[in-house]
Amino acid sequence: PLIDGIYLTREAFDVVRLGSIAILCIIRLVTLRLYLQSYLGTAGKQFEAMKREPGRISVLSLQHKIRSVYQYLFAGGLQYIAPIILLFCWALLAYIAGGYSFHNLKLSSSIGPTYAWGANA
């Protein structure tokens, strides 16, 4: 029960579920900049680790280490963004195909056999 004897109808549950997926996708997109910035920070950490090593640092090895981080940035960003876009598109497709609307959310005061958890309806 949502609140003492009040249940969500099946349509309302689906709309709330799809809306929460959309909100979580937006939150994840907002945190994209922090994710990519923390990934780019690994180049600085690698540089600091190389400075602590004994001996001289070869310019080519330094360039190679930093270049490898920046070359993989696109792949890392794509791995972060692609699931978000796919999940959002699937949720939008389910929303459109199901004919749901945020304006017609209804609550039910009793639970029927089609709304019972685990019922074969």
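Trainee: In which loop is the place of Ser58?

Mentor: Helices here are DSSP runs (H or I, at least four residues), and strands are runs of E (at least two), numbered from the N terminus. This is a predicted model, where local features need pLDDT of at least 70, side-chain atom pairs count only at pLDDT 80 or more, and totals for chains, interfaces and linings use all residues. Residues are numbered from 1 along each chain as its sequence is written, and side-chain values use heavy atoms, leaving out hydrogens and water. Ser58 sits in the loop between helix 2 (32-52) and helix 3 (59-71).

Trainee: Which backbone nitrogen does the side chain of Ser58 reach?

Mentor: Ser58 is partly exposed, because its relative accessibility is 37%. Buried means under 20% relative accessible area, exposed over 50%, partly exposed in between (1.4 Å probe, protein chains only). At 3.3 Å, its side chain reaches the backbone nitrogen of Leu60.

Trainee: How many salt bridges does the structure hold?

Mentor: A salt bridge puts a side-chain nitrogen of Lys or Arg within 4 Å of a carboxyl oxygen of Asp or Glu. Asp14 pairs this way with Arg17, their closest N and O atoms being 3.2 Å apart. Lys51 and Glu48 also meet in one, at 3.5 Å, N to O. The count is two.

Trainee: Is Asp14 buried or exposed?

Mentor: Asp14 and Arg17 both lie in helix 1 (residues 10-30), three residues apart, about one turn of the helix. Arg17 is partly exposed at 41% relative accessibility. Asp14 has 10%, so it counts as buried.

Trainee: What is the relative accessible area of Trp90?

Mentor: Trp90 is in helix 4. With Leu86, Leu87 and Leu93, Trp90 forms a nonpolar patch on the surface. Trp90 is exposed because its relative accessible area is 57%.

Trainee: Which element of the protein chain has the lowest mean pLDDT?

Mentor: pLDDT is the predictor's confidence in each residue, from 0 to 100. The mean for the protein chain is 79. Helix 4 (residues 73-98) has the highest mean among the elements, 88. The lowest, 54, belongs to strand 2 (residues 107-108).

Trainee: Over which residues does pLDDT stay under 50?

Mentor: Where pLDDT is low, the predicted coordinates should not be read in detail. The stretch with pLDDT under 50 is residues 113-121.

Conventions: A polar contact is a pair of N or O atoms within 3.5 Å; within protein, one must be able to donate a hydrogen and the other to accept it, and residues adjacent in sequence count only if both atoms are side-chain atoms. Contact means heavy atoms within 4.5 Å. Patches are made of residues with over 30% relative accessible area and no salt bridge: like charges are joined within 9 Å, nonpolar side chains (Val, Leu, Ile, Met, Phe, Trp, Tyr) within 5 Å. Accessible areas come from the Shrake-Rupley method with a 1.4 Å probe; for residues, only the protein chains shown count as cover.
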